[in-house]
Number of protein chains: 2
Amino acid sequence: MIEAIKNHRSIRKYQKKEIPANLLEEILLAGTRASTTGNMQVYSVIVTTDNVLKEKLWECHFKQDMVLQAPVILTFCADFNRFSKWCMINEAKPGYNNFLSFFTAAIDAMLVAQNVCLEAENKGLGICYLGTTTYMAEKIINVLKLPELVVPVTTVVLGYSDEEPGLTDRLPLGAVLHHETYQNYSEKSIKQLFSEKEQMEFYKNIVKENGLENLAQVFAQKRYTRNDNVFFSKALLSVLEKQGFMNNE
Amino acid sequence: MIEAIKNHRSIRKYQKKEIPANLLEEILLAGTRASTTGNMQVYSVIVTTDNVLKEKLWECHFKQDMVLQAPVILTFCADFNRFSKWCMINEAKPGYNNFLSFFTAAIDAMLVAQNVCLEAENKGLGICYLGTTTYMAEKIINVLKLPELVVPVTTVVLGYSDEEPGLTDRLPLGAVLHHETYQNYSEKSIKQLFSEKEQMEFYKNIVKENGLENLAQVFAQKRYTRNDNVFFSKALLSVLEKQGFMNNE
């Protein structure tokens, strides 16, 4: 297996050490080799290293320390602005201010992000994805001055690791695979597939610390709650509207 | 650079040759090493090899020959069904039937897909992403029997290549990078960034074949038209609704 895939860990503590410009460039170049819809390359990557801007991004990303520690913050955006401008210059009427185009561009951006992360790890750097990007998209748009038809879909912090975490546990492969068609889960199969995870000391301690009965409650009641999800769903849909991606008529 | 990243080509012609089960398993295992939101693994991969099902998928994917040729079709899905069932069994109320959760799960699925593609290429196989997945999501859901809270986000055909295409052109790296904040494009910069592409014989011939004035018109008027985008935007939003991902209140 590709070493960078096999050894991936999310890194949340970084050394105070810059990334050489030529190294960063080759890592970013790896992103552009990813598949892209119709070879349109409908994405942009914002490379932020300035401390004032990083502090603003840190506030957007729920003040997670790694955003300040890591020397480089990469914001991967769905971007139909550049492509639409190219169309208009060429008297070709762009029709990309709609939800399908947003989602197409978001897929492009995610493939670029994963190539960049793997190449960074291949070069000895550490990375961590920030899921807060979609929650706080509106503020990030303001900080990074993203124009219409540009929406941030994920953020990656990048730098030299200052920790050595072990591999993260995963469900058994069979939990996420389906042969031929989707094989829905019985209560029994769910219990089996999650039992190894639920028995880990690491998770048992988290359940205890949270004063809850089980791990599922930690997720549903503390980490990823319905209230937050509903709140941030509205925020994200409103961002898509404001950035011009919801003209579906 | 990781060889699989550097040498990636989309493969559209496949040999009639099966993929050994243990090889396929290691490739799929690489997918599960990708970052995943909160380690929830809110994705599923449907592995389709049955000829009757493949023919149905071929119809969904605009009858592209490679869907019939390639021995394995992988449909990557955003999946909050498994996780929500786990919550319900544990008396934890799941709150994932909303747009944010769909998008979170879609990001998970895309990272898995890209790991799988790179590992497949690392093992000497060819791959091609099918953008038709989001256009035809409703039909794919029927063929693959996807339950509520499961939506296909991309499809990859996988097999032994029967062609040797060259590397695909890309815009200069500067076209997709922005330093510190988004640097919007002037008409002059757009012209510069796209000029190399526009001058390629390959694209000049396509423009000529289509009887149009320039490459941008090929995209906006033939390949990715406003009418299609609007039509498929409505279809995709309706699929999100039907699969239970639009309860944002």
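## Chain A at a glance

Helices (H or I, at least four residues) and strands (E, at least two) are taken here as DSSP runs, numbered from the N terminus. On that basis, chain A of this predicted model has 13 helices and five strands. Its radius of gyration is 20 Å, close to the 18 Å that the globule rule gives for 249 residues, so chain A is as compact as a globular protein of that length.

Buried residues account for 50% of the 249 in chain A. As for contacts in chain A between residues at least 6 apart in sequence, 80% of them link residues at least 24 apart.

## How the two copies sit together

Turn chain B by 180°, with a shift of 0.0 Å along the axis, and it lands on chain A with an RMSD of 0.0 Å. The two copies are thus related as by a two-fold rotation axis.

The interface fits in with this picture: 100% of the interface residues of chain B are also interface residues in chain A, so the copies meet through the same surface.

## A look at Tyr43(B)

Tyr43(B) belongs to strand 1 of chain B, which covers residues 43-48. It counts as buried because it has 29 C-beta neighbours inside 10 Å, and the cut-off for that is 20 or more.

Leaving out residues up to four places away in sequence, Tyr43(B) touches Val176(A) as well as residues of chain B, including Phe76(B), Cys77(B), Asp108(B) and Val112(B). Leu212(B) is another matter: 169 residues along the chain from Tyr43(B), with 42 Å between the two C-alpha atoms.

Key. Residues are numbered from 1 along each chain as its sequence is written. Chains are lettered from A and ligands numbered from 1 in the order in which they are written. This is a predicted model: local features need pLDDT of at least 70, side-chain atom pairs count only at pLDDT 80 or more; totals for chains, interfaces and linings use all residues. Copies are superposed by least squares on the C-alpha atoms of residues with pLDDT of at least 70 in both. Two residues are in contact if their C-beta atoms, placed from the backbone, lie within 7 Å. A residue is buried if 20 or more other C-beta atoms lie within 10 Å of its own, exposed if 12 or fewer, and partly exposed in between; C-beta atoms are placed from the backbone. The radius of gyration is taken over C-alpha atoms; the globule rule is 2.2 Å times the number of residues to the power 0.38.
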